[in-house]
Amino acid sequence: MSVGEYKPGLEGVPATRSNISYVDGQVGLLEYRGMQIEDLAQQSSFLETAYLLIFGRLPPAGELKDFEQKIQIHRRLKYRIRDMIKCFPESGHPMDALQACVAALGLFYPLNSNLQDPEYIWGAAVRLLAKVPTMVAAFQLMRQGNDPVQPRDDLGYSANFLYMLNEREPDPLAAHVFDVCLILHAEHTVNASTFSALVTASTLTDPYTVIASAIGTLGGPLHGGANERVMQMLAEIGSVENVRPWLDRQLERKGRIMGFGHRVYKVKDPRATILQGLAEQLFERFGHNQAYDIALALEQAVEERLSEKGIYPNVDFYSGLVYDKLGIPTDLFTPIFAIARVAGWLAHWREQLSDNRLFRPTQVYTGEHKIPYVPIEARS
Ligand code: ACO
(Lines give C-alpha, C1' and ligand atoms only; values in the text may rest on other atoms or scores of the structure.)
Protein backbone atom coordinates (compact mmCIF):
# COMPACT_ATOMS: atom_id res chain seq x y z
CA MET A 1 0.00 0.00 0.00
CA SER A 2 1.35 3.42 -0.87
CA VAL A 3 1.42 6.27 1.65
CA GLY A 4 -0.98 8.19 -0.63
CA GLU A 5 -3.78 5.73 0.13
CA TYR A 6 -3.59 6.26 3.88
CA LYS A 7 -6.60 8.19 5.22
CA PRO A 8 -6.14 9.47 8.78
CA GLY A 9 -9.18 8.52 10.83
CA LEU A 10 -10.26 6.33 7.89
CA GLU A 11 -12.24 9.35 6.73
CA GLY A 12 -14.47 8.34 3.82
CA VAL A 13 -13.21 4.73 3.84
CA PRO A 14 -16.10 2.21 3.93
CA ALA A 15 -15.51 -0.23 6.80
CA THR A 16 -18.56 -2.42 6.18
CA ARG A 17 -21.76 -2.88 4.18
CA SER A 18 -24.82 -2.10 6.28
CA ASN A 19 -28.56 -1.66 5.95
CA ILE A 20 -29.12 -0.50 9.53
CA SER A 21 -29.01 3.27 9.21
CA TYR A 22 -28.30 5.96 6.66
CA VAL A 23 -27.02 9.51 6.98
CA ASP A 24 -26.91 12.17 4.31
CA GLY A 25 -24.78 14.83 5.93
CA GLN A 26 -25.32 17.36 3.14
CA VAL A 27 -29.07 17.62 3.66
CA GLY A 28 -29.34 16.48 7.31
CA LEU A 29 -31.12 13.17 6.71
CA LEU A 30 -30.99 10.28 9.21
CA GLU A 31 -32.88 7.02 8.69
CA TYR A 32 -33.04 3.82 10.75
CA ARG A 33 -33.84 0.81 8.54
CA GLY A 34 -35.06 3.29 5.93
CA MET A 35 -37.38 5.16 8.30
CA GLN A 36 -36.81 8.84 8.95
CA ILE A 37 -35.69 9.83 12.43
CA GLU A 38 -38.38 12.54 12.64
CA ASP A 39 -41.13 9.89 12.14
CA LEU A 40 -39.63 7.53 14.69
CA ALA A 41 -39.17 10.34 17.22
CA GLN A 42 -42.79 11.32 16.81
CA GLN A 43 -44.47 7.93 16.59
CA SER A 44 -42.27 5.15 17.98
CA SER A 45 -40.99 4.22 21.43
CA PHE A 46 -37.37 3.48 22.29
CA LEU A 47 -37.95 -0.26 22.71
CA GLU A 48 -39.84 -0.50 19.44
CA THR A 49 -37.02 1.40 17.71
CA ALA A 50 -34.46 -0.89 19.36
CA TYR A 51 -36.36 -3.91 18.03
CA LEU A 52 -36.47 -2.32 14.57
CA LEU A 53 -32.73 -1.74 14.61
CA ILE A 54 -31.72 -5.12 16.00
CA PHE A 55 -34.18 -7.37 14.17
CA GLY A 56 -34.65 -5.32 11.01
CA ARG A 57 -38.41 -4.67 11.04
CA LEU A 58 -41.12 -3.04 13.13
CA PRO A 59 -42.49 -5.72 15.45
CA PRO A 60 -46.16 -6.79 15.31
CA ALA A 61 -48.00 -5.85 18.53
CA GLY A 62 -47.62 -9.30 20.16
CA GLU A 63 -43.87 -9.47 19.51
CA LEU A 64 -43.33 -5.97 20.84
CA LYS A 65 -45.26 -6.81 24.00
CA ASP A 66 -43.20 -9.96 24.48
CA PHE A 67 -39.97 -8.02 23.93
CA GLU A 68 -41.00 -5.33 26.43
CA GLN A 69 -42.03 -7.95 29.01
CA LYS A 70 -38.78 -9.88 28.68
CA ILE A 71 -36.81 -6.67 29.13
CA GLN A 72 -38.88 -5.79 32.18
CA ILE A 73 -38.14 -9.22 33.73
CA HIS A 74 -34.39 -8.82 33.22
CA ARG A 75 -34.00 -5.30 34.63
CA ARG A 76 -32.65 -6.43 37.99
CA LEU A 77 -28.92 -6.76 38.63
CA LYS A 78 -27.30 -9.77 40.24
CA TYR A 79 -26.11 -8.96 43.74
CA ARG A 80 -22.54 -9.71 42.70
CA ILE A 81 -22.74 -6.88 40.15
CA ARG A 82 -24.17 -4.60 42.84
CA ASP A 83 -21.36 -5.61 45.20
CA MET A 84 -18.85 -4.87 42.47
CA ILE A 85 -20.32 -1.37 42.01
CA LYS A 86 -20.04 -0.83 45.80
CA CYS A 87 -16.28 -1.24 45.46
CA PHE A 88 -15.91 1.37 42.72
CA PRO A 89 -14.47 4.72 43.85
CA GLU A 90 -17.28 7.28 43.99
CA SER A 91 -15.08 9.79 42.17
CA GLY A 92 -14.72 7.44 39.20
CA HIS A 93 -16.43 8.36 35.94
CA PRO A 94 -19.79 6.59 35.42
CA MET A 95 -18.71 5.56 31.91
CA ASP A 96 -15.85 3.56 33.40
CA ALA A 97 -18.26 2.01 35.92
CA LEU A 98 -20.68 1.12 33.15
CA GLN A 99 -17.99 -0.39 30.97
CA ALA A 100 -16.78 -2.54 33.86
CA CYS A 101 -20.32 -3.70 34.72
CA VAL A 102 -21.15 -4.63 31.13
CA ALA A 103 -17.85 -6.49 30.72
CA ALA A 104 -18.65 -8.36 33.95
CA LEU A 105 -21.94 -9.62 32.50
CA GLY A 106 -19.86 -11.87 30.29
CA LEU A 107 -18.80 -13.74 33.44
CA PHE A 108 -22.41 -14.74 34.06
CA TYR A 109 -23.47 -15.51 30.51
CA PRO A 110 -20.67 -17.37 28.78
CA LEU A 111 -19.98 -17.35 25.09
CA ASN A 112 -22.19 -19.61 23.02
CA SER A 113 -20.26 -21.56 20.43
CA ASN A 114 -23.05 -20.75 17.99
CA LEU A 115 -23.24 -16.97 17.87
CA GLN A 116 -25.98 -17.21 15.23
CA ASP A 117 -28.33 -19.05 17.61
CA PRO A 118 -31.47 -16.85 17.61
CA GLU A 119 -32.15 -17.62 21.28
CA TYR A 120 -28.63 -16.56 22.28
CA ILE A 121 -28.96 -13.33 20.28
CA TRP A 122 -32.40 -12.63 21.75
CA GLY A 123 -31.17 -13.32 25.30
CA ALA A 124 -28.13 -11.08 24.95
CA ALA A 125 -30.16 -8.24 23.39
CA VAL A 126 -32.82 -8.44 26.10
CA ARG A 127 -30.29 -8.58 28.94
CA LEU A 128 -28.17 -5.72 27.69
CA LEU A 129 -31.11 -3.42 26.98
CA ALA A 130 -32.65 -4.33 30.34
CA LYS A 131 -29.61 -4.10 32.59
CA VAL A 132 -27.59 -1.17 31.26
CA PRO A 133 -30.04 1.49 32.58
CA THR A 134 -30.15 -0.27 35.97
CA MET A 135 -26.35 -0.23 36.11
CA VAL A 136 -26.21 3.51 35.40
CA ALA A 137 -28.86 4.28 38.04
CA ALA A 138 -27.26 1.92 40.58
CA PHE A 139 -23.84 3.57 40.24
CA GLN A 140 -25.41 7.01 40.67
CA LEU A 141 -27.12 6.02 43.93
CA MET A 142 -24.29 3.92 45.30
CA ARG A 143 -21.63 6.56 44.76
CA GLN A 144 -23.72 8.74 47.08
CA GLY A 145 -23.65 6.00 49.68
CA ASN A 146 -27.24 4.84 49.06
CA ASP A 147 -28.68 1.47 48.16
CA PRO A 148 -29.82 1.18 44.55
CA VAL A 149 -33.54 1.44 43.86
CA GLN A 150 -35.17 -1.71 42.53
CA PRO A 151 -36.82 -1.38 39.11
CA ARG A 152 -40.60 -1.02 39.10
CA ASP A 153 -42.53 -3.41 36.89
CA ASP A 154 -45.47 -1.06 36.42
CA LEU A 155 -43.29 1.59 34.77
CA GLY A 156 -42.20 1.72 31.15
CA TYR A 157 -38.53 1.62 30.12
CA SER A 158 -37.79 5.35 30.32
CA ALA A 159 -40.09 6.14 33.25
CA ASN A 160 -38.48 3.29 35.19
CA PHE A 161 -34.96 4.60 34.52
CA LEU A 162 -35.86 8.09 35.74
CA TYR A 163 -37.56 6.52 38.75
CA MET A 164 -34.47 4.43 39.63
CA LEU A 165 -32.28 7.51 39.23
CA ASN A 166 -34.32 10.06 41.16
CA GLU A 167 -36.19 7.73 43.53
CA ARG A 168 -39.52 9.21 42.48
CA GLU A 169 -41.94 8.56 39.65
CA PRO A 170 -41.27 11.01 36.81
CA ASP A 171 -43.72 13.40 35.26
CA PRO A 172 -45.15 11.74 32.09
CA LEU A 173 -43.75 14.55 29.90
CA ALA A 174 -40.27 13.98 31.35
CA ALA A 175 -40.52 10.23 30.69
CA HIS A 176 -41.75 10.85 27.15
CA VAL A 177 -38.99 13.35 26.38
CA PHE A 178 -36.38 10.97 27.76
CA ASP A 179 -37.74 8.13 25.62
CA VAL A 180 -37.47 10.32 22.49
CA CYS A 181 -33.88 11.17 23.47
CA LEU A 182 -33.11 7.45 23.53
CA ILE A 183 -34.62 7.02 20.06
CA LEU A 184 -32.45 9.87 18.74
CA HIS A 185 -29.25 8.40 20.17
CA ALA A 186 -29.94 4.75 19.30
CA GLU A 187 -27.92 4.47 16.11
CA HIS A 188 -25.70 6.46 13.78
CA THR A 189 -23.91 4.38 11.12
CA VAL A 190 -20.24 3.54 11.55
CA ASN A 191 -18.99 6.10 14.04
CA ALA A 192 -16.00 5.48 16.34
CA SER A 193 -17.82 3.40 18.96
CA THR A 194 -19.73 1.34 16.41
CA PHE A 195 -16.51 0.69 14.54
CA SER A 196 -15.01 -0.47 17.79
CA ALA A 197 -18.01 -2.81 18.24
CA LEU A 198 -17.52 -4.18 14.74
CA VAL A 199 -13.82 -4.86 15.27
CA THR A 200 -14.50 -6.61 18.57
CA ALA A 201 -17.44 -8.57 17.13
CA SER A 202 -15.29 -9.75 14.24
CA THR A 203 -13.10 -11.72 16.66
CA LEU A 204 -16.22 -13.79 17.55
CA THR A 205 -16.07 -12.84 21.19
CA ASP A 206 -19.23 -12.54 23.32
CA PRO A 207 -21.73 -9.66 22.94
CA TYR A 208 -21.01 -8.26 26.43
CA THR A 209 -17.39 -7.71 25.46
CA VAL A 210 -18.52 -6.16 22.18
CA ILE A 211 -20.73 -3.64 23.97
CA ALA A 212 -18.13 -2.97 26.69
CA SER A 213 -15.60 -2.17 23.99
CA ALA A 214 -18.01 0.24 22.30
CA ILE A 215 -18.79 1.93 25.63
CA GLY A 216 -15.07 2.53 26.17
CA THR A 217 -14.85 4.27 22.81
CA LEU A 218 -18.03 6.33 23.24
CA GLY A 219 -16.66 8.05 26.35
CA GLY A 220 -14.04 10.23 24.64
CA PRO A 221 -14.62 14.00 24.36
CA LEU A 222 -14.54 13.95 20.56
CA HIS A 223 -17.40 11.42 20.52
CA GLY A 224 -20.18 10.86 23.10
CA GLY A 225 -18.29 12.68 25.84
CA ALA A 226 -18.90 16.04 24.15
CA ASN A 227 -22.41 16.46 25.65
CA GLU A 228 -20.95 16.76 29.15
CA ARG A 229 -18.55 19.41 28.02
CA VAL A 230 -21.30 21.45 26.37
CA MET A 231 -22.86 22.18 29.76
CA GLN A 232 -19.46 23.07 31.22
CA MET A 233 -18.89 25.40 28.25
CA LEU A 234 -22.28 27.13 28.64
CA ALA A 235 -21.58 27.62 32.35
CA GLU A 236 -18.15 29.04 31.55
CA ILE A 237 -19.65 31.51 29.04
CA GLY A 238 -22.06 32.56 31.79
CA SER A 239 -24.16 35.17 29.98
CA VAL A 240 -25.57 36.00 26.56
CA GLU A 241 -23.41 39.16 26.47
CA ASN A 242 -20.27 37.09 26.90
CA VAL A 243 -21.04 34.72 23.99
CA ARG A 244 -19.27 36.66 21.25
CA PRO A 245 -16.16 37.68 23.25
CA TRP A 246 -15.86 34.09 24.49
CA LEU A 247 -16.21 32.71 20.95
CA ASP A 248 -13.60 35.16 19.62
CA ARG A 249 -11.14 34.06 22.27
CA GLN A 250 -11.88 30.39 21.69
CA LEU A 251 -11.42 30.60 17.94
CA GLU A 252 -8.31 32.73 18.28
CA ARG A 253 -6.64 30.05 20.33
CA LYS A 254 -7.95 27.41 17.90
CA GLY A 255 -10.17 25.83 20.54
CA ARG A 256 -13.08 23.57 19.65
CA ILE A 257 -16.65 24.63 20.32
CA MET A 258 -18.19 21.60 21.98
CA GLY A 259 -21.41 20.31 20.46
CA PHE A 260 -20.55 21.76 17.05
CA GLY A 261 -19.16 20.09 13.94
CA HIS A 262 -19.45 16.58 12.67
CA ARG A 263 -17.43 14.34 10.40
CA VAL A 264 -20.53 13.58 8.31
CA TYR A 265 -23.07 16.40 8.83
CA LYS A 266 -22.26 19.64 7.10
CA VAL A 267 -25.63 21.13 8.08
CA LYS A 268 -27.44 21.15 11.44
CA ASP A 269 -27.78 17.61 12.74
CA PRO A 270 -31.50 16.64 12.47
CA ARG A 271 -31.29 15.21 15.99
CA ALA A 272 -30.17 18.60 17.31
CA THR A 273 -33.29 20.17 15.78
CA ILE A 274 -35.55 17.60 17.47
CA LEU A 275 -33.71 17.91 20.79
CA GLN A 276 -34.04 21.67 20.67
CA GLY A 277 -37.83 21.23 20.34
CA LEU A 278 -37.83 18.83 23.29
CA ALA A 279 -35.83 21.28 25.39
CA GLU A 280 -38.38 23.98 24.59
CA GLN A 281 -41.26 21.68 25.67
CA LEU A 282 -39.50 21.09 28.98
CA PHE A 283 -38.80 24.78 29.55
CA GLU A 284 -42.43 25.62 28.84
CA ARG A 285 -43.59 23.08 31.39
CA PHE A 286 -40.91 23.27 34.09
CA GLY A 287 -39.48 26.77 33.72
CA HIS A 288 -36.90 28.52 31.56
CA ASN A 289 -33.11 28.06 31.73
CA GLN A 290 -30.64 30.85 31.16
CA ALA A 291 -28.27 28.29 29.65
CA TYR A 292 -30.74 27.92 26.77
CA ASP A 293 -30.49 31.64 25.92
CA ILE A 294 -26.72 31.31 25.91
CA ALA A 295 -26.98 28.22 23.68
CA LEU A 296 -29.22 30.04 21.18
CA ALA A 297 -26.86 33.03 21.05
CA LEU A 298 -23.89 30.69 20.64
CA GLU A 299 -25.54 28.79 17.81
CA GLN A 300 -26.14 32.06 15.99
CA ALA A 301 -22.61 33.35 16.58
CA VAL A 302 -21.00 30.05 15.52
CA GLU A 303 -23.13 29.98 12.39
CA GLU A 304 -21.90 33.46 11.45
CA ARG A 305 -18.28 32.49 11.99
CA LEU A 306 -18.06 28.83 10.97
CA SER A 307 -20.90 27.94 8.63
CA GLU A 308 -18.61 28.16 5.60
CA LYS A 309 -16.73 25.20 7.12
CA GLY A 310 -20.02 23.30 7.54
CA ILE A 311 -19.92 23.56 11.33
CA TYR A 312 -23.37 23.48 12.93
CA PRO A 313 -24.81 22.02 16.16
CA ASN A 314 -24.49 18.24 16.45
CA VAL A 315 -26.56 15.86 18.60
CA ASP A 316 -24.60 16.75 21.73
CA PHE A 317 -25.37 20.46 21.70
CA TYR A 318 -28.98 20.42 22.91
CA SER A 319 -29.09 17.00 24.58
CA GLY A 320 -27.26 18.35 27.64
CA LEU A 321 -29.87 21.07 28.14
CA VAL A 322 -32.64 18.45 27.99
CA TYR A 323 -30.93 16.11 30.46
CA ASP A 324 -30.07 19.00 32.74
CA LYS A 325 -33.75 20.02 32.84
CA LEU A 326 -34.65 16.41 33.66
CA GLY A 327 -32.41 16.72 36.73
CA ILE A 328 -29.75 14.35 35.44
CA PRO A 329 -26.18 14.94 36.67
CA THR A 330 -23.80 16.07 33.93
CA ASP A 331 -21.47 13.09 34.13
CA LEU A 332 -24.41 10.75 33.41
CA PHE A 333 -25.08 12.31 30.00
CA THR A 334 -22.68 10.00 28.18
CA PRO A 335 -23.84 6.84 30.01
CA ILE A 336 -27.37 7.77 28.91
CA PHE A 337 -26.07 8.02 25.36
CA ALA A 338 -24.72 4.49 25.89
CA ILE A 339 -28.10 3.20 27.16
CA ALA A 340 -29.59 4.24 23.83
CA ARG A 341 -26.69 3.22 21.62
CA VAL A 342 -26.74 -0.36 22.94
CA ALA A 343 -29.54 -0.85 20.39
CA GLY A 344 -27.42 0.27 17.45
CA TRP A 345 -24.33 -1.60 18.61
CA LEU A 346 -26.33 -4.82 18.95
CA ALA A 347 -27.74 -4.34 15.46
CA HIS A 348 -24.20 -3.96 14.09
CA TRP A 349 -23.00 -6.96 16.13
CA ARG A 350 -25.66 -9.11 14.45
CA GLU A 351 -24.94 -7.72 11.01
CA GLN A 352 -21.19 -8.27 11.41
CA LEU A 353 -21.72 -11.89 12.42
CA SER A 354 -24.03 -12.55 9.47
CA ASP A 355 -21.07 -12.10 7.10
CA ASN A 356 -18.04 -12.02 9.33
CA ARG A 357 -14.46 -11.38 8.37
CA LEU A 358 -11.88 -10.60 11.02
CA PHE A 359 -10.84 -6.93 10.89
CA ARG A 360 -7.14 -6.78 10.23
CA PRO A 361 -6.16 -3.51 8.53
CA THR A 362 -2.67 -2.76 7.45
CA GLN A 363 -0.42 0.18 8.33
CA VAL A 364 2.09 2.49 6.76
CA TYR A 365 5.29 1.69 8.64
CA THR A 366 7.26 4.86 9.33
CA GLY A 367 10.03 3.37 11.49
CA GLU A 368 13.53 2.25 10.65
CA HIS A 369 15.00 -1.18 9.87
CA LYS A 370 17.98 -3.28 10.95
CA ILE A 371 18.92 -1.07 13.91
CA PRO A 372 21.66 -2.86 15.90
CA TYR A 373 20.76 -3.88 19.47
CA VAL A 374 22.84 -1.88 22.02
CA PRO A 375 23.63 -3.63 25.34
CA ILE A 376 22.45 -1.58 28.36
CA GLU A 377 25.93 -0.73 29.57
CA ALA A 378 26.83 0.73 26.18
CA ARG A 379 23.79 3.06 25.99
CA SER A 380 24.28 6.79 26.56
N1 ACO B 1 -15.19 24.14 16.86
C2 ACO B 1 -14.35 24.89 16.15
N3 ACO B 1 -13.78 24.49 14.98
C4 ACO B 1 -14.12 23.27 14.54
C5 ACO B 1 -15.02 22.44 15.22
C6 ACO B 1 -15.55 22.92 16.43
N7 ACO B 1 -16.42 22.17 17.16
N8 ACO B 1 -15.15 21.28 14.55
C9 ACO B 1 -14.38 21.38 13.48
N10 ACO B 1 -13.74 22.60 13.46
C11 ACO B 1 -12.85 23.13 12.44
C12 ACO B 1 -11.43 22.62 12.66
O13 ACO B 1 -10.70 23.48 13.48
C14 ACO B 1 -10.93 22.57 11.23
O15 ACO B 1 -10.60 23.88 10.85
P16 ACO B 1 -9.32 24.15 9.89
O17 ACO B 1 -9.61 23.39 8.63
O18 ACO B 1 -9.30 25.63 9.70
O19 ACO B 1 -8.14 23.62 10.62
C20 ACO B 1 -12.14 22.16 10.42
O21 ACO B 1 -13.24 22.59 11.18
C22 ACO B 1 -12.23 20.68 10.19
O23 ACO B 1 -12.02 20.03 11.44
P24 ACO B 1 -11.72 18.47 11.58
O25 ACO B 1 -11.24 18.22 12.96
O26 ACO B 1 -10.89 18.00 10.45
O27 ACO B 1 -13.16 17.89 11.34
P28 ACO B 1 -13.65 16.50 11.81
O29 ACO B 1 -14.54 16.00 10.76
O30 ACO B 1 -12.53 15.59 12.21
O31 ACO B 1 -14.44 16.93 13.12
C32 ACO B 1 -15.40 16.52 15.18
C33 ACO B 1 -15.45 16.24 13.69
C34 ACO B 1 -14.25 15.76 15.83
C35 ACO B 1 -16.72 16.06 15.79
C36 ACO B 1 -15.22 18.05 15.42
O37 ACO B 1 -16.23 18.76 14.75
C38 ACO B 1 -15.17 18.40 16.90
O39 ACO B 1 -14.11 18.31 17.51
N40 ACO B 1 -16.32 18.86 17.49
C41 ACO B 1 -16.37 19.18 18.89
C42 ACO B 1 -16.60 17.93 19.73
C43 ACO B 1 -18.00 17.39 19.54
O44 ACO B 1 -18.98 18.11 19.61
N45 ACO B 1 -18.09 16.07 19.36
C46 ACO B 1 -19.36 15.37 19.20
C47 ACO B 1 -19.54 14.91 17.81
S48 ACO B 1 -21.10 14.10 17.61
C49 ACO B 1 -20.85 12.59 18.32
O50 ACO B 1 -19.80 12.04 18.30
C51 ACO B 1 -21.98 11.97 18.95
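**Ground rules.** I'm working on a predicted model, where local features need pLDDT of at least 70, side-chain atom pairs count only at pLDDT 80 or more, and totals for chains, interfaces and linings use all residues. I number residues from 1 along each chain as its sequence is written, and side-chain values use heavy atoms, with hydrogens and water left out.

**Domains.** I looked up how the protein chain is divided, and found domain 1 (36–221 + 333–354) and domain 2 (226–325). I note that these bounds come from an automatic or database domain assignment. Their C-alpha centres lie 27 Å apart.

**Where they touch.** For contact I take heavy atoms within 4.5 Å. On that basis I get 20 residues of domain 1 against 24 residues of domain 2. The size of an interface is often given as the accessible area lost when the parts come together. I use that area with a 1.4 Å probe, summed over both parts. Here I read about 1,900 Å² buried between domain 1 and domain 2, with carbon and sulfur atoms giving 68% of this area.

Next I checked the polar side of the interface. I find 6 residue pairs in polar contact between domain 1 and domain 2 (both at pLDDT 80 or more). On the side of domain 1 that touches domain 2, the elements giving two or more residues are helix 1 (37–43), helix 8 (172–185) and helix 16. My helices are DSSP runs (H or I, at least four residues), numbered from the N terminus. By class, I see 12 nonpolar, 5 polar and 3 charged residues on that side of domain 1. I count Ala, Val, Leu, Ile, Met, Phe, Trp, Tyr, Cys and Pro as nonpolar, Asp, Glu, Lys and Arg as charged, and the others, Gly among them, as polar.

**Salt bridges.** My rule is a side-chain nitrogen of Lys or Arg within 4 Å of a carboxyl oxygen of Asp or Glu. By this rule I get 13 salt bridges, and the count between domain 1 and domain 2 is 1.

I then looked at Arg285 and Asp171, whose closest N and O atoms are 2.9 Å apart. Arg285 lies in helix 13 (residues 270–286) and Asp171 in the loop between helix 7 (157–166) and helix 8, so the pair ties together parts that are 114 residues apart in sequence. For accessibility I call a residue buried under 20% relative accessible area, exposed over 50%, and partly exposed in between (1.4 Å probe, protein chains only). Arg285 is partly exposed at 48%, and Asp171 is partly exposed at 23%.

My next pair was Glu304 and Arg244, with closest N and O atoms 2.7 Å apart. Glu304 sits in helix 14 (residues 290–306) and Arg244 in helix 12 (residues 243–252), 60 residues apart. I find Glu304 partly exposed at 48% and Arg244 partly exposed at 40%.

Asp269 and Arg271 also form a salt bridge, at 2.7 Å, and both residues are buried. I also noted that shared partners join Arg152, Asp154 and Glu169 into one network.

**Ala340.** Last, I picked a residue in helix 16 (residues 333–354). Ala340 is buried, with a relative accessible area of 0%. Leaving aside neighbours within four places in sequence, I find Ala340 in contact with Phe46, Leu182, His185 and Ala186.

Terms used: Buried area is the accessible area (1.4 Å probe) that two parts lose on being put together, summed over both. A polar contact is a pair of N or O atoms within 3.5 Å; within protein, one must be able to donate a hydrogen and the other to accept it, and residues adjacent in sequence count only if both atoms are side-chain atoms.
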